[in-house]
Structures are given as structure tokens and as C-alpha cells.
Amino acid sequence: MKNKNLQREISWLLKEKYSGQLTDKAIKDITRLKKGEPVDYVIGFTNFLGCRIDLSYKPLIPRIETEFWVKETLRRLTAPQGKSLGKPRFLDIFAGSGCVGLAILKNIKNVKVTFTDNDKNSILQIKKNCKVNKISKNNYKIIKSDIFKNFVKQKFDFILANPPYIPVKNKYKIQESTLSYEPSKALFGGQDGLFYIEKFLSQAKDYLTENGIIYLEFDGSVGSSQVLSQKKQIEKLLKKFSYSSWQFYKDQFGKWRYVEIKN
Ligand SMILES: C[S@@+](CC[C@H](N)C(=O)[O-])C[C@H]1O[C@@H](n2cnc3c(N)ncnc32)[C@H](O)[C@@H]1O
């Protein structure tokens, strides 16, 4: 199985980066793959809903589960009843590579996106990805911040959040290549995975317009007969912080994956 995957990755690498030619550089890259480095880092970029996402600063590699809910969100926002959006302001918080906000900028007209992350490499990565995708400087802003700490009073119509949410105690379930190569601060959300989710939900209300909506990704597979699922824990937090209504959705694999929250 491992060998089959490696073969597939080598073919993909050669096709995407070397037009099928086995050059000296390609041979060096194949060694990186053999050592376990994720193929997207070796290729140097990935695609996300029509955007080219450069990965040279090694942010979290965008996941297909994230692509799924962002696509659903885009579909909802661009449906006929969503056409009266005006000029909505979006916040992509915990932005990493910037893939979520870039997909919004590329696929909806007349939007302004603010990206934020507290990691300096992510900030550099988002800058680069805005350039790579030819986004006009008038349409985006990048703020380095620990959650909302560096935000002065400002309100957003939509906040899109994919925080680190893996429980530290589930570290053993994570793929070796992810643990060795992807930034751990992008993955883990404290013992139960809820550390950043709780901090974010406790403050996000203040940065949402009256009719504003949050889309929040989480891990629907966390939980057991002894431990409440992340979905249940998030429901408790939404009540605690007095959000008006919410709806949970599953991903393409049938797992609870994201929640739409109204202010
Ligand atoms: C799960 S990744 C999401 C990246 C990207 N949005 C995506 O969907 O691929 C979480 C991101 O949160 C950032 N992060 C971690 N702690 C943070 C904090 N206290 N404040 C702001 N960002 C934080 C990490 O640097 C990482 O880029």
C-alpha cells in the first residue's frame, strides 16, 4: 500500500513539476518523497477551488474537507437569494495559507477579505498567495494577530474559521508525515481540541454585524461514550455565548464537519 502511494506521488510530482522529465532535481525531490515529506510540499503548491495555493512557507496543507465546506458556503452565498449581498466584508481567521479567503475573493464579486493568523510564516504565505492569484490590493488586508487581539473595533458580515482543533490526546491517530512536516500549531487545540474554538466563539460576536454569519470547521469524529463529541461541546458553547441560532453540517465523508452560526 505504502509503495503504491509512493508510486502515485512520484508520477504526480513528475507530471505537475517536471513535465514528465526525470531530471536531476526531480531525482532529489523523489528522495524527499521517500523520506516521507508530503507531496504537496515537494511540488510546492496545491489547488483550492480555482486558486493556486503556494506552499513555500510550509503552512498547513489545505484539506479536501475544508475545500468541501468552503465550496458549499460559496454555493449558498452566490445562490439567487444570496445575490443581494452588497459588498460584504469577510474575515478569514486562522488563515494559514489563505486558501479560504482566496477562494472567496476568486469566486465572489465585490468582496473585501481580511486575513489573520498569528504565525509570521503564514502572514508571508498569504501575501505571496494574494500575489500569485493576482488579487487587487484594494480588496484584502492581512493582520498578524493572536485571534482578535490586534483588531480594533470592526465588524464583518462573514467570519470563516478553521482553527487548530485536534485534541492533543489524539496525536497518535495523526499521519506520521503530518506530524513530522506540517506546523503543529496549526493542528492541536489543547487536550480536548476546543481551546481555540472556545476562545474564538467567546469573542467573535463582537466582530460580527447584526445579521452576520460564522462558518466554523471542527472535527466531528472526536468523542466517545465517555467524552462528549466536539459537536455537542460546540452546541454548549454556542448557548453559553448567546448566539441566536446555528446549523451543523456533515462533510463529503458523512462526518459532522462545520457549523453555520448566526449572531
Ligand atoms: C487548521 S490551520 C487552518 C489553515 C487554513 N485556514 C486552512 O484551512 O487550510 C490553523 C491556523 O491557525 C493558526 N493559529 C494557531 N493559533 C493561533 C492563534 N492563537 N491566533 C491566530 N491564529 C492561530 C495557525 O498558525 C494555522 O495557520
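**Stop one: helix 8**

Keep in mind that this is a predicted model. Start by selecting helix 8, residues 195–204, and colour its buried residues: I197, L201 and A204. Now look down the axis of helix 8: the buried residues fall within an arc of 75 degrees, so they line one face of the helix.

**Stop two: helices 4 and 5**

Next, show helix 4 (residues 64–78) together with helix 5 (residues 99–107). They pack at an angle of about 35 degrees, with axes 11 Å apart, and the crossing of helix 4 past helix 5 is right-handed. For the contact itself, pick T66, V70 and L74 on the helix 4 side, then V100, A103 and N107 on the helix 5 side. By class, that contact has four nonpolar and two polar residues, with no charged ones.

**Last stop: two serines with positive phi**

Go to the loop between helix 1 (2–18) and helix 2 (24–34) and click on S19. S19 isn't a glycine, yet its phi is positive, about 45 degrees. Is S19 buried or exposed? It counts as exposed, because S19 has 9 C-beta neighbours inside 10 Å, and the cut-off for exposed is 12 or fewer.

Then jump to S242, in the loop between helix 9 and strand 8 (245–250). Phi of S242 is also positive, near 60 degrees, and with 8 C-beta neighbours inside 10 Å, S242 counts as exposed.

Conventions
Residues numbered from 1 in each chain as written. Predicted model: local features only at pLDDT ≥ 70, side-chain atom pairs only at ≥ 80, totals over all residues. Buried ≥ 20, exposed ≤ 12 C-beta atoms within 10 Å, placed from the backbone. Helix = DSSP H or I, 4+ residues; strand = E, 2+ residues; numbered from the N terminus. Arc of directions from axis to C-beta. Axes fitted to C-alpha atoms, helices over the stretch in contact; angles between N-to-C directions. Left-handed = near helix turned anticlockwise from the far one by under 90°. Contact = placed C-beta atoms within 7 Å. Nonpolar A, V, L, I, M, F, W, Y, C, P; charged D, E, K, R; others polar.
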